[in-house]
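Please open the model in your viewer and keep the selection panel at hand. The tour begins with the whole chain and then turns to a single residue.

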Amino acid sequence: MVPPDLLEMLDILACPVCLKPLVLRGEDGLKCNECKRVYPIRNGIPMLLEPEAMIEQL
Ligand SMILES: [Zn+2]
């Protein structure tokens with residue numbers, strides 16, 4: 001389950017690298033479609049730190 005406040009937070013969250021909006025990826029990640037970084041969500045808290053991100057290879 002995604003916590004409701006996380007969905008609200010999504011409106012104001014942005015990728016720290018390119019400042020683009022993030023989209024929910026599964027239930028435990030936030031993805032930037034610009035740079036393909038996926039930021040983990042731990043215990044309902046998005047880890048928007050560049051070193052925490054992994055770049056999704058397509
Ligand atoms: Zn980005």
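Helices (H or I, at least four residues) and strands (E, at least two) are taken here as DSSP runs, numbered from the N terminus. This is a predicted model, in which local features need pLDDT of at least 70 and side-chain atom pairs count only at pLDDT 80 or more, while totals for chains, interfaces and linings use all residues. Residues are numbered from 1 along each chain as its sequence is written.

With the protein chain still selected, turn to its overall dimensions: the C-alpha atoms fill a box of roughly 25 × 20 × 20 Å along the principal axes. The radius of gyration, taken over C-alpha atoms, is 10 Å for the protein chain, which agrees with the value near 10 Å that a compact globule of 58 residues would have; the globule rule is 2.2 Å times the number of residues to the power 0.38.

Next, select Cys18, which you will find in the loop between helix H1 (4-10) and strand S1 (22-24). Is Cys18 buried or exposed? Cys18 counts as exposed, because it has 11 C-beta neighbours inside 10 Å; a residue is exposed if 12 or fewer other C-beta atoms, placed from the backbone, lie within 10 Å of its own, buried if 20 or more do, and partly exposed in between.
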